[in-house]
Amino acid sequence: MLSTVLKMLIEPDFLAAAIRLTTPLLLAALGGLFSERSGVLNLGLEGMMLMGAFFGYLGALYTQNVVVGLVIAALAGMVLALIHAIMSVTVKVDQIVTAVGINMLALGITSTAFRVIFGNDLQQIESPGLRTVNFGPLSELPFVGPILFNQMSIVYFAFLLIPVVHFILFHTHWGLKIRATGEHPKAVDTVGTSVYTVRYWSVIISGLLAGLGGAAVTLTGINTFYDNITAGRGFIAFAAIVFGKWNPVGTALATLLFGAGDAFQLRLQALGFKLPYQFFLMLPYVLTLLVLVFFMGPSKGPVASGQAYVKGGSKSKVRQSKLKLLKREVNP
């Protein structure tokens, strides 16, 4: 049995599936990088992916056009990201609390809308889905053909984003602003750049890509939707950012590892092990935990990550104002 498992790991079908299953994680993680680098903690990626998954499916179903579905998925993710930005940047609510609320809001919206539209019928109509790109003779090449030249368009888009995001973050003036905002927002403010604007756009971009990541779950084969279909992929994407040390290439490698874990558990189920299927489903999450615990190593994220910025104020002033408000509530 062990030899069968080892042989399975080098089969083209397994490697192709690993790349395909990496795509939703990769899109969400690359989007999350913008937010994280600008100093806004984005644990709400899960909710943004879920919104993209639902509205992407719905858009493709009602328009019978998968491209429209992708656009709607991106917009849905952006709307939720805008709420996260307003609460985190403008209202200055604790970013972890906001993310928890975002995730619960997305679960509530998608589940309720799903029941309203489809009732309790789990056999809802399949939407149009993405198709594999035809590379002609390249698709017929032995071994590399099915792995590299038999994938859907969103897969190539996601992997092409890796160098693009790297170039933007590390070789453009805009990327410098994003990174500087995450490291020292007061210095950015001093030179005349709006910290709020940089953070708003960074969070919105994260929502756009996370929404597309959600659509990559629903429109790449199953072409349908069910409650909580993203199943924690947004949290895994966040873990991949941390594991990848806030770098696009490292993040991509981390998502590839988790995507391979997902493909691995699907094939283990097919081998007929007499174990509850829940055991196989949890394997990618266990892998995530083990990697973070044993292989993470020392890493340091953006200094201002998770910290609300107050224009013209210092941390001590903000802390003092909060203390005054607290005292006023205790002793009115």
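Reader: Where in α7 does the kink lie?

Author: This is a predicted model, so take the angle as computed. The bend in α7 is about 30°. It comes shortly before the proline Pro 163, at Ile 162.

Reader: And what do the buried residues of α7 pack against?

Author: Ile 162 is itself one of the buried residues of α7, and others include Ile 154, Val 155 and Leu 169. The helices that the buried residues of α7 pack against are α2, α4, α8, α10 and α12.

Reader: Let's take α4 and α10 then. At roughly what angle do their axes cross?

Author: Packed helices get described by the distance between their axes and the angle between them. For α4 (residues 66-90) and α10 (residues 195-218), the axes come within 7 Å. The crossing is right-handed, and the angle is roughly 145°.

Reader: How many residues of that α4 and α10 contact are charged?

Author: On the α4 side you'll find Gly 77, Met 78 and Ala 81, among others, meeting α10 residues that include Arg 199, Val 203 and Gly 207. The contact divides into 16 nonpolar residues and five polar ones, and the charged count is one.

Reader: Is Lys 92, with its positive phi, buried or exposed, or partly exposed?

Author: Most residues other than glycine have a negative phi. Lys 92 isn't a glycine, yet its phi is about 65°, and it lies in the loop between α4 and α5. Its relative accessible area is 28%, which is between the 20% and 50% cut-offs, so Lys 92 counts as partly exposed.

Technical notes
Residues numbered from 1 in each chain as written. Predicted model: local features only at pLDDT ≥ 70, side-chain atom pairs only at ≥ 80, totals over all residues. Heavy atoms only, no water. Axes fitted to C-alpha atoms, helices over the stretch in contact; angles between N-to-C directions. Helix = DSSP H or I, 4+ residues; strand = E, 2+ residues; numbered from the N terminus. Left-handed = near helix turned anticlockwise from the far one by under 90°. Contact = heavy atoms within 4.5 Å. Nonpolar A, V, L, I, M, F, W, Y, C, P; charged D, E, K, R; others polar. Bend = angle between axes of the 7 residues up to and from the residue. Buried < 20%, exposed > 50% of the residue type's maximum accessible area, 1.4 Å probe, protein only.
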